[in-house]
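I opened a new model today and kept notes as I went. Here is the structure I had on screen.

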Amino acid sequence: MWKTVRQAARATAQLTKAAVLALGSYIFITVLLFTAAATVAVAGAALLPETVLLVRRIAGAKRRQAAVWTGREIPEAYLPITGPLRERLRTTVRDPGTLRDLRWMVAYYGYGWLVCLVLPLWPVGLVVDGVRCGLMGREAVVLPLISRLADLDARWSRFLLKPSPKALLAERVEELKETRAGAVAAHGAELRRIERDLHDGTQARLVALSMRIGLAKRAYDHDPEGSRRLLDDAQDQAEEALTELRHVVRGIHPPILTDRGLAGAVRALAASSGLEVTVLVDGPVDDGPRAPAAVEAAVYFVVAEALTNAAKHSGSPRASVQLDRVSAGVRAVVWDEGLGGADEAGGSGLLGIRRRVAALDGIVTVTSPVGGPTMIAVELPCVW
């Protein structure tokens, strides 16, 4: 009986919060009507985007209420209202979420007061269920209705507030625009890095090599010993140029990925990182079909960047890497027990990691509270 009473009290609190939100919506209708009138008069058109933003906040509060009761999040899908006034007005009118929120608000004026049905249920429930549970040993029948009313409120809110397929598509288009811009920026930065490495390193050594060979040719007849020394220097220059070329090639697509696979390449990274790195590999990563080359390269560079950050900034001598083959792709987690406080704005390479992963429609999760530990988890989709 007491369990039933506690659940009914919790449901009553939930419905009371819903009624308070409904009361706020009633008050807000005045603002909404004023905005509509002002928009029609053109002079107050600038109020429309701000009013829609306020409607979004109210709808968001209801989503959070329903999520607390049901334990299931209600996703949001809105177009960002930014830019000049003309663009903000266009987005406000064309966003499918605007009509959805207004539809919910109109319906909520009615079902937001389900708490009124609770008032007669409490005295009846305490008497009827008290007799049934206390004297007859049967289950309660009246007080559980209060919880069902709260369920009904959450169910209707979820139905009215969940994004439509059109809204989800619009949000996905915006997301793809952002990831495409990030991929273009990352690609441009990578090309500039390769050009800089070739220009400042390999090209300079090849020019020096050409000069050494030219001097050796001119000195060959009258100074064979000096010519031999110049040729020795030229050979050293050639070997250094080859070394730098290999470094540039590894920066484009590491050959070790082709030779040893993702797990082997990550183990090689761990061995050369300067840290005590533990590598945990889920068996299927090594067995069966391999992930696409682009996915393997992205995971490799993410792990390399994360281990470099750990070695430079964490202050911890140890790190761990875990590779998993999941149903939707590849998952990699790198963590250390260092100082934490990793910040994307601090030049720690996290922005580059996000851009590289976003270009392949992946997900990055960074957890780095001050004092540690730091965990960077990436999941990249692919078809096995």
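My entries follow, from the whole chain down to single residues.

**Ground rules**

I am working with a predicted model, where local features need pLDDT of at least 70, side-chain atom pairs count only at pLDDT 80 or more, and totals for chains, interfaces and linings use all residues. Residues are numbered from 1 along each chain as its sequence is written, and side-chain values use heavy atoms, with hydrogens and water left out.

**Entry 1: the whole protein**

I looked up the helices and strands. The protein has twelve helices and five strands. Both are DSSP runs, numbered from the N terminus: helices are H or I with at least four residues, strands are E with at least two. Next I looked up burial. Buried means under 20% relative accessible area, exposed means over 50%, and partly exposed lies in between (1.4 Å probe, protein chains only). Of the 384 residues, 38% count as buried. Then I looked up contacts, meaning heavy atoms within 4.5 Å. Among contacts with a separation of 6 or more, 71% join residues 24 or more positions apart.

**Entry 2: helix H6**

Which residues of H6 are buried? I found Ile-146, Ser-147, Leu-149, Ala-150, Asp-153, Ala-154, Ser-157, Leu-160 and Leu-161. Seen down the axis of H6, these buried residues fall within an arc of 160°, so they line one face of the helix. The arc is that of the directions from the helix axis to the C-beta atoms. On the other side of H6, Arg-148 and Phe-159 are exposed. I noted the general rule too: an α-helix has 3.6 residues a turn, so residues three or four places apart point the same way.

I picked out Ser-157, which lies in H6. Ser-157 counts as buried because its relative accessibility is 0%. Leaving aside neighbours within four places in sequence, Ser-157 is in contact with Lys-62, Ile-74, Trp-104, Tyr-111 and Lys-162.

**Entry 3: H2 against H4**

I checked how helix H2 (residues 47–70) sits on helix H4 (residues 96–111). They pack at an angle of about 65°, with their axes 10 Å apart. Axes are lines fitted to C-alpha atoms, for helices over the stretch in contact, and angles run from 0 to 180 degrees between N-to-C directions. H2 passes H4 in a left-handed crossing. That means the near helix is turned anticlockwise from the far one by less than a right angle.

On the H2 side, the residues that meet H4 include Val-52, Val-55, Ile-58 and Ala-59. On the H4 side, they include Thr-98, Trp-104, Met-105 and Tyr-108. The residues of this contact divide into seven nonpolar, two polar and five charged. Here Ala, Val, Leu, Ile, Met, Phe, Trp, Tyr, Cys and Pro count as nonpolar, Asp, Glu, Lys and Arg as charged, and the others, Gly among them, as polar.

Thr-98 is in H4, and at 14% relative accessibility it counts as buried. Beyond four places in sequence, Thr-98 is in contact with Val-52 and Thr-92. Pro-96 is also in H4, and at 18% it counts as buried. Pro-96 and Lys-166 are 70 residues apart in sequence, yet 7.0 Å apart in space, C-alpha to C-alpha. Leaving aside neighbours within four places, Pro-96 is in contact with Ser-164, Lys-166 and Ala-167.

Which residues of helix H12 (residues 350–358) are buried? They are Leu-350, Ile-353 and Val-357. Seen down the axis of H12, they fall within an arc of 55°, so they line one face of the helix. What covers them includes helix H11 (293–314), strand S4 (363–367) and strand S5 (374–381).

Asp-361 is in the loop between H12 and S4. Its phi is near 65°, a positive value in a residue other than glycine. At 35% relative accessibility, Asp-361 counts as partly exposed.
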